[in-house]
Amino acid sequence: MNRDWTLIETLLPQDTNPAGSIFGGVIMGLMDKAAAIAAWRYARREVVTAGAEQISLLRPVRLGEVVKVEARVVCTGRTSIDVDVVVETENVLTGDSAVAAAGFFTMVALDREGTPTEVPRWEPRSEEERRLCEAARERRARRGRKSGR
Ligand SMILES: CC(C)(COP(=O)(O)OP(=O)(O)OC[C@H]1O[C@@H](n2cnc3c(N)ncnc32)[C@H](O)[C@@H]1OP(=O)(O)O)[C@@H](O)C(=O)NCCC(=O)NCCS
């Protein structure tokens, strides 16, 4: 079962704001793309982004830095897949790297009619995976309470 996906990008001048750093929306777009690919490969179904939570942009990403986006499936519901995403940047000239952003994504698998469809059940393989899945379930429960679902 495929559980992780890493996307490597370098960004372009048109992705840059006047202060010389990459627009937050561009970084969030890369996070969404990596989360979608991880969920897609896990479920082997079409997926859509249902939501994203606690996206933190922790430091500016500068033009010329290499951006590594790591997406990791951490839990599933009936039709949804929880994906944790971390963005790391590396200055290729110095080798310095830092975590630049992180967030939690929920992707939903769809059948050919576009209806949410079941995904393979999540089987944690380690204590860390159990902990991450439990955290995802707590976020899900909080969302449910907020939306009255
Ligand atoms: C996501 C979507 C398919 C859910 O449809 P729905 O009719 O609410 O379906 P359901 O109520 O059966 O929920 C399906 C799953 O989505 C989850 N879900 C629905 N809305 C959610 C939200 N805002 N955040 C997180 N999860 C959500 C539910 O918890 C459920 O998960 P589960 O089966 O694992 O328990 C629908 O809202 C949609 O198509 N949204 C647009 C998605 C999109 O276009 N994204 C951008 C392009 S990728």
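I looked up Tyr-42 to begin with. Tyr-42 counts as buried, at 2% relative accessibility. My cut-offs for relative accessible area are under 20% for buried, over 50% for exposed and partly exposed in between, with a 1.4 Å probe and protein chains only. The model is predicted: local features need pLDDT of at least 70, side-chain atom pairs count only at pLDDT 80 or more, and totals for chains, interfaces and linings use all residues. Residues are numbered from 1 along each chain as its sequence is written, and side-chain values use heavy atoms, with hydrogens and water left out.

Next, ring pairs. I paired rings of Phe, Tyr and Trp (its six-membered ring) with centres within 6.5 Å; planes under 30 degrees apart are stacked, over 60 edge-to-face and the rest tilted. I found one aromatic pair by this rule. The ring centres of Tyr-42 and Trp-122 are 5.8 Å apart and the planes are at 50°, so I noted the pair as tilted. Tyr-42 is in helix H1 (residues 24-43), and Trp-122 is in the loop between strand S5 (97-110) and helix H2 (127-147), so the pair ties together parts 80 residues apart in sequence. Helices (H or I, at least four residues) and strands (E, at least two) are DSSP runs, numbered from the N terminus. Trp-122 is buried too, with a relative accessible area of 4%.

Then charges over rings. I required NZ of Lys or CZ of Arg within 6 Å of the ring centre and within 35 degrees of the ring normal. The charged end of Arg-3 sits over the ring of Trp-122, 4.0 Å from its centre. Arg-139 lies over the face of Phe-104, 3.5 Å from the ring centre.

I searched the whole structure for disulfides (cysteine sulfur atoms within 2.5 Å). One turned up. Cys-75 is joined to Cys-133, S to S 2.0 Å. Cys-75 is in strand S3 (residues 66-76) and Cys-133 in helix H2, 58 residues apart. Both Cys-75 and Cys-133 are buried.

Last, the core. I took a nonpolar core as buried Ala, Val, Leu, Ile, Met, Phe, Trp, Tyr and Cys residues joined through side-chain atoms within 4.5 Å. The largest has 34 residues; Ile-27, Met-31 and Val-69 are among those with the most contacts inside it. H1 gives the most to this core, nine residues. Buried residues of H1 include Leu-30, Ala-34 and Ile-37.
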